[in-house]
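Please keep the view open while reading.

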Amino acid sequence: MNARKKATLVKRHLCVKEPQLEQLAKREFAQKSEYSMMVYPIAEGEYSGEGDDRSYYVVVFYEPTKKSKVERAFKSAGLALADYEQVVVDPDSKQAPEGKFMWAHGEGEAGEVILSEYEF
């Protein structure tokens, strides 16, 4: 019997535009690059526009050993992920998505992208 394993993850918070999100949110791309994301649309206004100017607040999760691979993936979308602070995810986090991602990465199932239905 295989015991379930929870992965140690880190996360980074950043804002991206619609064209960048289109590339980064593709499940196959995220799986290959071994990260998962929570995505929050930013309501139209001072910080977000329409179409390609639409902005999203993104929290990207990955295993520390995959850092270079994830940074290369974001660089291919025109983003310097290394410019954003890397924070360790609390292994006892009560936030459902964080727990879900820790278990998924522990089972080798990175690549989930959760898009919030609410704008912020």
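Two strands are said to pair if DSSP finds at least two bridges between them. In this predicted model, pairing of that kind gives an open sheet of 5 strands, which has mixed pairing and the order S4-S1-S3-S2-S5. Its edge strands, each of which pairs on one side only, are S4 (87–88) and S5 (113–115). Strand S2, covering residues 36–41, runs parallel to S5 and is joined to it by 3 bridges, and within this part of the sheet Met 38 stands opposite Ile 114 in S5.

Helices lie across these strands. Helix H3 (residues 67–76) lies across S1 (10–17), S2 and S3 (55–62), and runs at about 160° to S3, while helix H4 (residues 96–106) lies across S1, S2, S3 and S5, running at about 155° to S2.

In soluble globular proteins, nonpolar side chains tend to be buried together. The largest nonpolar core here has 19 residues, of which Tyr 35, Met 37, Val 60 and Phe 74 touch the most other members. At least two residues of this core come from each of S1, helix H1 (18–24), S2, S3 and H3, with the largest share, 4 residues, supplied by S3. Leaving aside residues up to four places away in sequence, the contacts of Met 37 include Leu 21, Val 60, Phe 74, Phe 101 and Ile 114. A second, separate core consists of 8 residues, among them Leu 9, Met 38, Phe 61 and Val 89.

Another salt bridge joins Glu 34 to Lys 66, where the closest N and O atoms are 3.3 Å apart. Glu 34 sits in the loop between helix H2 (27–33) and S2, whereas Lys 66 belongs to the loop between S3 and H3, 32 residues apart. Glu 34 counts as partly exposed at 22% relative accessibility, as does Lys 66 at 23%. A salt bridge is also formed by the side chains of Glu 112 and Lys 100 (3.0 Å, N to O), and it links the loop between H4 and S5, which holds Glu 112, with Lys 100 in helix H4.

Note on methods
Residues numbered from 1 in each chain as written. Predicted model: local features only at pLDDT ≥ 70, side-chain atom pairs only at ≥ 80, totals over all residues. Heavy atoms only, no water. Contact = heavy atoms within 4.5 Å. Axes fitted to C-alpha atoms, helices over the stretch in contact; angles between N-to-C directions. Core = buried A, V, L, I, M, F, W, Y, C linked by side-chain atoms within 4.5 Å. Buried < 20%, exposed > 50% of the residue type's maximum accessible area, 1.4 Å probe, protein only. Salt bridge = Lys/Arg side-chain N within 4 Å of Asp/Glu carboxyl O.
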